[in-house]
Amino acid sequence: MVDESPVSAAGGEQGELFPDNSLPDELVGYRGPAACQIAGITYRQLDYWARTKLVTPSIRTAHGSGSQRLYSFKDLLVLKIVKRLLDTGVSLQNIRVAVDHLRARGVRDLARVTLFSDGATVYECTSPEEIVDLLQGGQGVFGIAVSNAMQEISGTLHEFPAERADGGQIDPGVPDELSERRNARRTG
C-alpha cells in the first residue's frame with residue numbers, strides 16, 4: 001500500500017514567508033515532471049536529490065513504485081537555487097551545506113537573502129554591508145537573489161498542473177496581467 005499522506009509542514013513557515021496568499025497553500029504541490037521543468041533540472045537529478053535528501057518533497061514523499069512525490073513552492077525554490085549553484089561550479093557537497101544552513105535558519109526572511117560564492121564557499125548575504133565585506137578579499141564572487149528565483153517560479157506555476165494532497169479542489173485564483181497576455185497570445 002502506498003502512503004500518500006501529506007508531510008507535515010514546519011510551524012506555518014509558508015504563511016510567514018508569503019503573508020498575502022499570492023502563492024499556493026501548503027497542500028498544493030507539483031509532481032516530479034513539472035518540478036523538473038520549473039526548476040530546469042532532469043528527472044534523474046530530482047530523483048537523486050530526493051534519495052540523498054538534498055531536496056525532499058515536503059508535501060508528499062514517494063513510497064515504492066507508482067507513488068508520486070509532490071513538491072511545494074518552497075521545494076521548487078530550493079531546487080532552482082541548487083541548480084543555479086551547480087551551474088556556477090559549486091560542488092554538491094558545498095551546496096548541501098548551504099541548503100542545510102538555509103533550512104536551519106528558517107525561511108521567514110528568505111526573500112531577502114542573496115547567496116554568493118567564490119566557487120569554493122557559499123555565502124549568505126542579507127544586507128549591503130555584508131556584500132562589501134565579501135568583496136574586500138578580491139576574490140570574484142557571483143550572487144543568486146532568492147527573490148528573483150521566487151518570482152521566476154511564481155510566473156511559471158500557472159503553466160503546470162497542480163494538485164492538493166488532500167484531494168480537494170484548487171482555487172484557480174485571479175490571473176495576473178502577464179498570464180492574461182500569454183493566454184491571449186496562445187488562443188489567438
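Modeller: Let's start with tyrosine 71, which is buried, with a relative accessible area of 0%.

Colleague: Why is tyrosine 71 called buried?

Modeller: Buried means under 20% relative accessible area, exposed means over 50%, and partly exposed is in between (1.4 Å probe, protein chains only). Tyrosine 71 has 0%, so it counts as buried. By the way, this is a predicted model, in which local features need pLDDT of at least 70 and side-chain atom pairs count only at pLDDT 80 or more, while totals for chains, interfaces and linings use all residues. Residues are numbered from 1 along each chain as its sequence is written, and side-chain values use heavy atoms, with hydrogens and water left out.

Colleague: Where does tyrosine 71 lie?

Modeller: Tyrosine 71 is in the loop between α3 and α4. Helices are DSSP runs of H or I with at least four residues, strands are runs of E with at least two, and both are numbered from the N terminus. Tyrosine 71 and glycine 32 are 39 residues apart in sequence, yet their C-alpha atoms are 7.4 Å apart in space.

Colleague: How many helices and strands does the chain have?

Modeller: Eight helices and five strands, and along the sequence they follow the pattern α-β-α-α-α-α-β-β-α-β-α-β-α. Buried residues make up 33% of the chain's 188 residues.

Colleague: Back to that loop, then. Why does lysine 53 count as exposed rather than buried?

Modeller: Its relative accessible area is 60%, which is over 50%, so lysine 53 is exposed. Lysine 53 also belongs to the loop between α3 and α4, and it has a positive phi of about 65° although it is not a glycine.

Colleague: And leucine 54, buried or exposed?

Modeller: Leucine 54 is at 1%, under 20%, and therefore buried. This leucine sits in the loop between α3 and α4 too. Leucine 54 and leucine 92 are 38 residues apart in sequence and 9.0 Å apart in space, C-alpha to C-alpha.

Colleague: What makes you speak of a polar contact between serine 72 and serine 58?

Modeller: A polar contact is a pair of N or O atoms within 3.5 Å; within protein, one must be able to donate a hydrogen and the other to accept it, and residues adjacent in sequence count only if both atoms are side-chain atoms. The side chains of serine 72 and serine 58 are joined at 3.1 Å, within that limit. Serine 58 and serine 72 are 14 residues apart along the chain, with their C-alpha atoms separated by 6.3 Å.

Colleague: Arginine 69 is charged. Why is arginine 69 called buried?

Modeller: Its relative accessibility is 13%, under 20%, so buried it is. The side chain of arginine 69 makes a polar contact of 2.8 Å with the side chain of aspartate 47. Not counting residues up to four places away in sequence, arginine 69 touches residues including Tyr30, Gly32, Tyr43, Asp47 and Pro57 (contact means heavy atoms within 4.5 Å).

Colleague: Why are α3 and α4 called roughly perpendicular?

Modeller: The axes of α3 (residues 43-51) and α4 (residues 73-87) come within 12 Å and cross at roughly 110°. Axes are lines fitted to C-alpha atoms, for helices over the stretch in contact, and angles run from 0 to 180 degrees between N-to-C directions. Under 35 degrees is roughly parallel, over 145 roughly antiparallel, 65 to 115 roughly perpendicular, and the rest oblique. So α3 and α4 are roughly perpendicular.

Colleague: Which residues of α3 and α4 meet?

Modeller: Gln45, Leu46 and Trp49 in α3 meet Leu79, Val82, Lys83 and Leu86 in α4. The residues of this contact divide into five nonpolar, one polar and one charged. Nonpolar covers Ala, Val, Leu, Ile, Met, Phe, Trp, Tyr, Cys and Pro, charged covers Asp, Glu, Lys and Arg, and the others, Gly among them, are polar.

Colleague: How do you know that β2 and β3 pair?

Modeller: Two strands pair if DSSP finds at least two bridges between them. β2 (residues 114-117) and β3 (residues 122-125) have four bridges, in the antiparallel sense. Phenylalanine 116 has tyrosine 123 as its bridge partner, while threonine 114 stands opposite cysteine 125. β2 and β3 form a hairpin with four residues between them, and glycine 119 in the turn has a positive phi of about 95°.
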